[in-house]
Amino acid sequence: RSRLPSRCCPQRRSADSTMVEAMDTDAPAPAPAEEEPAAPPDPASLYRADIRSAQASVERFVTSREPRFAQAALKLMACLRKAGLAAASPTQPVLAAAIASAFGPSHPLRERLLAALPPPAAEPEAADAAGAEGKEGGEAKKRPLLPEMELILELLVLLALIDGGKLPVAVSLADALLERVASWNRRTLDPFAERAYFYSSWAYEKAGKIEAVRSRLLAAQRTSCLHHNTACQATLLNLLLRSYMSAKLFVQADKLLAKSAFPEQASNGQLARYLYYTGRIKALQLEYSEAHRCLLQAQRKAPQSSSKAVGFKLTAHKLGAIVQLLLGEIPERAVFRASSTRAPMRPYLKLVQAVRTGDLAAFRDAMAEHAAVFAADGNAALVLRLRQNVIRAGLRNVSLAYSRIHLSDAAAKLALDTPGDMESIAAKAIRDGVIDATIDHEAGVLISSGSADTYSTLEPQAAYHKRITFCLNLHNDAVKAMSYPPDAHKGDLPDADAIKERQREEQELAEALAEEDEF
């Protein structure tokens, strides 16, 4: 009955709806509340929270032994260092407060660490912390400090000293840090000990005392090999190679390479460094093919992002360009045209142009103009070896342009310092197969032979044979992979139930035979 008026009086219903719409329309809309701009986060609070997160990751790593928690703690350590590098950053007092609360009064490094930092900052009130964390958080604070977390805090202080330019204090702290690491024998400490060795060696290197830490690195390398510590093995091997190369002890570095094996489970970053050091040592030992292979692998193992490892990739490209020139090859133009490497690679581009055209005068000008750059890059000795390549390229061009030319005229075109050496240079080029010519010693004339038809030689046959062999080997490998798929033999093996059934039958048979023997 209550629905009858609405059904029977459509005019009344329309009037009521009109009135409601009018009321809704006439009502003033509420003014939107103005949102207050969010206050910027406090750097000190963020820094304190990151330290607590790193401590939680370390505790989970020690408990579960999962490497991802150690990697998370190391990433947080990198973030903490970046926060400390910011201008007017109040993070060092927070770090001092964390060390003062975590390190006991009897800790051997407590006073030294606190003396290297500003006065500790005031901690938040205990009531707020208790209300936020509860009783469990209060109990967690009373736990003893793990050696892994202790090492992270000490490394943060060491990095702050290195970034601040306090190298003498950093060297003394690195010395104490290495002694502290050597006193521990924990496998969970290996990922953090790797960073300790790296940053300690870096402190010694920046202070110009890298030779002083070499004996400790050698002892740590032997210990890591005995403990099968893969991370420290790779890092220490690279640090030793860098130490030998900085002291120009290339023979010792080559012996270390010959008597040590790089671990296969090492990270790509350490592998890229190892390949680069190996390539530089091999280049100085005149093994250019092996050096080119190692440098090419180092460039491929480096991060491919344009914003990561820019300095490493630039150094590898510089050395790789020189090694390619020494091999008689011309580097790709893409290396010199990239926006990030165009300006630093300009001196090496001039070298490439001089070697390609055989212009000895241009080579001298490039050497004189960019001698400081080559010396700073450590490539001056290798650049000096390119002089013979420039002369060979120029002599090849002269041999192709002239069928007969006097040796004095050839020396003038090559702009040799001593024209009397032209005869010996030409004779050596003929012996090495650089040019196809003969020398008339009586007349002093270089006689070029006619250009031979390549297809009349065995070179096309050798090239085709190489390609066909590669294709046949690839086809054979594919056939083997199809015929013998991986883990195919596992289908023929009996499962666990079949093995248990067979063992049960054998046991019953043995029991039956034993009963027959008794009767």
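This is a predicted model: local features need pLDDT of at least 70, side-chain atom pairs count only at pLDDT 80 or more; totals for chains, interfaces and linings use all residues.

Student: Where is H228, then?

Tutor: H228 sits in the loop that links α11 (214-226) to α12 (230-246).

Student: And what is its phi near?

Tutor: Near 55 degrees, a positive value in a residue other than glycine. R65 is another non-glycine residue with a positive phi, of about 60 degrees.

Student: Where does R65 lie?

Tutor: R65 is in the loop between α3 and α4 (67-85). With a relative accessibility of 55%, R65 counts as exposed.

Student: What is R65 in contact with? One partner will do.

Tutor: T188. Neighbours within four places in sequence left aside, T188 is in contact with F61, V62, R65 and E148.

Student: Is T188 buried or exposed?

Tutor: T188 is buried, at 5% relative accessible area. T188 belongs to the loop between α9 (167-183) and α10 (190-206).

Student: Which side chain makes a polar contact with the side chain of T188?

Tutor: That of E148, at 2.5 Å.

Student: What about D190, where is that?

Tutor: D190 is in helix α10. D190 is buried, with a relative accessible area of 12%. Leaving out residues up to four places away in sequence, D190 touches N229 and C232.

Student: Change of topic, aromatics. How many pairs are there in the whole structure?

Tutor: A search of the whole structure gives seven aromatic pairs. One of them is F61 with F192, an edge-to-face pair with 6.1 Å from centre to centre and 70 degrees between the planes.

Student: Why does that pair tie together parts that are apart in sequence?

Tutor: Because F61 lies in helix α3 (residues 43-64) and F192 in helix α10, the pair ties together parts that are 131 residues apart in sequence. F61 is buried, and F192 is buried as well.

Student: Why is the pair of Y199 and W202 called tilted?

Tutor: The ring centres of Y199 and W202 are 6.4 Å apart and their planes stand at 45 degrees, so the pair is tilted. Edge-to-face would need over 60 degrees, and stacked under 30.

Student: How far apart are Y199 and W202 in helix α10?

Tutor: Three residues, which means that about one helical turn separates Y199 and W202.

Student: Which cluster do they belong to?

Tutor: F198, Y199 and W202 form one aromatic cluster. Y199 is buried at 11% relative accessible area, whereas W202 is partly exposed at 25%.

Student: Now the strands. How many helices and strands does the chain have?

Tutor: The chain has 26 helices and three strands. The three strands form an open sheet in the order β1-β3-β2, with antiparallel pairing.

Student: Which strands stand at the edges?

Tutor: β1 (404-406) and β2 (437-440). Each has a single partner strand, so one side of each lacks a neighbour in the sheet. On average, neighbouring strands of this sheet are turned by 20 degrees against each other, direction ignored.

Student: How many bridges join β1 to β3, and how many join β2 to β3?

Tutor: β1 pairs with β3 (residues 445-448) over three bridges, and four bridges join β2 to β3. I447 in β3 stands opposite R404, and I447 is also the bridge partner of T438.

Student: What is in the hairpin of β2 and β3?

Tutor: Four residues lie between the strands of that hairpin, and G444 takes a positive phi near 70 degrees.

Student: Which helices lie across the strands?

Tutor: Helix α23 (residues 407-414) lies across β1, β2 and β3, at about 80 degrees to β1. Helix α24 (residues 422-431) lies across β2 and β3, at about 150 degrees to β2.

Student: Which residues of β2 are on its covered face, and which on the uncovered one?

Tutor: A437 and I439 are on the covered face of β2, T438 and D440 on the uncovered one.

Student: Last thing, the whole chain. What percentage counts as buried?

Tutor: 34% of the 519 residues. The accessible surface of the chain comes to about 32,100 Å², with 55% of that belonging to carbon and sulfur atoms. Among contacts in the chain with a separation of 6 or more, 64% are between residues 24 or more positions apart.

Definitions and conventions
Residues are numbered from 1 along each chain as its sequence is written. Side-chain values use heavy atoms; hydrogens and water are left out. Helices (H or I, at least four residues) and strands (E, at least two) are DSSP runs, numbered from the N terminus. Buried means under 20% relative accessible area, exposed over 50%, partly exposed in between (1.4 Å probe, protein chains only). A polar contact is a pair of N or O atoms within 3.5 Å; within protein, one must be able to donate a hydrogen and the other to accept it, and residues adjacent in sequence count only if both atoms are side-chain atoms. Contact means heavy atoms within 4.5 Å. Rings of Phe, Tyr and Trp (its six-membered ring) pair if their centres lie within 6.5 Å; planes under 30 degrees apart count as stacked, over 60 as edge-to-face and the rest as tilted. Accessible areas come from the Shrake-Rupley method with a 1.4 Å probe; for residues, only the protein chains shown count as cover. Two strands pair if DSSP finds at least two bridges between them. Axes are lines fitted to C-alpha atoms, for helices over the stretch in contact, and angles run from 0 to 180 degrees between N-to-C directions.
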